[in-house]
Amino acid sequence: MKKWLTILLMCLLMLPAQAAEMEITPAWLEGVWRFEGGAEVCGYGFRLDADGSLSWFSTDDFESFPPQRLIPTADKAAWQYRKGKLTITGEGSKTSYPLSFIPERSAESGCDTIHLAEGDGGGFYRRGDE
C-alpha cells in the first residue's frame, strides 16, 4: 500500500512541471511581440510566423516607452521553440534564449508577456500589433 501511495504522490508532484511546459506552444507564440523592458535582446520587436519565419521590426518612436510604432525591416530569420527555448537562426548565426511566460500584470490590457533570458538579465516582450 505504501508503495502505491508513494507512486501516486510522485505522479501528482510531476503534473505541475508538465503543465508548465505545455503552457507555451509554438502556435501560441505566433504573432507580433513588442519590446517592453529589460535588455533589447531581440530589438524593438519581431513577428513569429506559423511557417517558422521571423521578421524583425525597428522603430522611430523614441518619445514613448515602450515604443508604440513598429517599422518592418528587410531582415529575416527562422525560429523554433523546443524544450523551453526560443532558437533564432539567421545570416550565419544561431542564438537560443530560455523563454518564460509572464502571467498578465494588468488584467485590463489583455496582453501576454514573455521573457527571453540572456546572461544575468534578458528582455520582456508583450504581444502587440504591427
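## Ground rules

Residue classes first: Ala, Val, Leu, Ile, Met, Phe, Trp, Tyr, Cys and Pro count as nonpolar, Asp, Glu, Lys and Arg as charged, and the others, Gly among them, as polar. The model here is predicted, so local features need pLDDT of at least 70 and side-chain atom pairs count only at pLDDT 80 or more, while totals for chains, interfaces and linings use all residues. Numbering starts from 1 along each chain as its sequence is written, and side-chain values use heavy atoms, with hydrogens and water left out.

## The overall layout

The protein chain has two helices and eight strands. Here helices (H or I, at least four residues) and strands (E, at least two) are DSSP runs, numbered from the N terminus. Reading from that end, the order is α-α-β-β-β-β-β-β-β-β.

Of the 130 residues in the protein chain, 32% are buried; buried means under 20% relative accessible area, exposed over 50%, and partly exposed in between (1.4 Å probe, protein chains only). As for contacts (heavy atoms within 4.5 Å), take those between residues at least 6 apart in sequence: 42% of them join residues at least 24 apart.

## How the strands pair up

Two strands pair if DSSP finds at least two bridges between them. Let's start with β3 (residues 53-58) and β4 (residues 71-82), which run antiparallel over five bridges; Ser53 has Ala78 in β4 as its bridge partner. On to β5 (residues 85-90), which pairs with β4, again in the antiparallel sense, over five bridges, with Gln80 opposite Thr87. β4 and β5 make a hairpin with two residues between them, and Lys83 in the turn has a positive phi of about 50°.

Further along, β6 (residues 93-102) and β7 (residues 113-118) are antiparallel partners over four bridges, and Ile102 sits opposite Thr113 in β7. β7 also pairs with β8 (residues 121-128), antiparallel over six bridges. Two residues lie between the strands of the β7 and β8 hairpin, where Gly119 takes a positive phi near 60°. β8 pairs with β1 as well, in the antiparallel sense over six bridges, and there Arg34 stands opposite Arg126.

## The nonpolar core

A nonpolar core is a set of buried Ala, Val, Leu, Ile, Met, Phe, Trp, Tyr and Cys residues joined through side-chain atoms within 4.5 Å. The largest one has 19 residues, and the members touching the most others are Cys42, Phe46, Leu116 and Tyr125. Elements giving two or more residues to this core are β1 (31-38), β2 (45-48), β3, β4, β5, β6 and β7. The top contributor is β4, with three residues.

Setting aside neighbours within four places in sequence, Leu116 contacts Val41, Cys42, Phe46, Leu86, Tyr97, Pro98, Leu99, Gly121, Gly122, Gly123 and Tyr125.

His115 is in strand β7, opposite Phe124 in β8. Is His115 buried or exposed? It counts as buried, because its relative accessible area is 14%. Not counting residues up to four places away in sequence, His115 touches Pro98, Leu99, Ser100, Ile102, Gly121, Gly122, Gly123 and Phe124.

Ala39, in the loop between β1 and β2, is partly exposed because its relative accessible area is 33%. Ala39 and Phe124 are 85 residues apart in sequence, but 7.6 Å apart in space, C-alpha to C-alpha. Beyond its neighbours within four places in sequence, Ala39 contacts Gly122, Gly123 and Tyr125.

## The largest pocket

Rolling a probe the size of a water molecule over the atoms shows where empty space is left. On a 1 Å grid over the protein atoms alone, a pocket is an open set of points where a 1.4 Å probe fits, with protein on both sides within 12 Å along at least five of seven lines; lining residues have an atom within 4 Å of a point. Grid points are joined across faces, edges and corners, and a volume is the space filled by probe spheres set on the points.

The largest pocket holds about 150 Å³ of space. It is lined by 13 residues, and those closest to its centre are Trp56, Ala77, Ile88, Gly90 and Ser93. β4, β5 and β6 each supply at least two lining residues. By class, the lining has six nonpolar, four polar and three charged residues.
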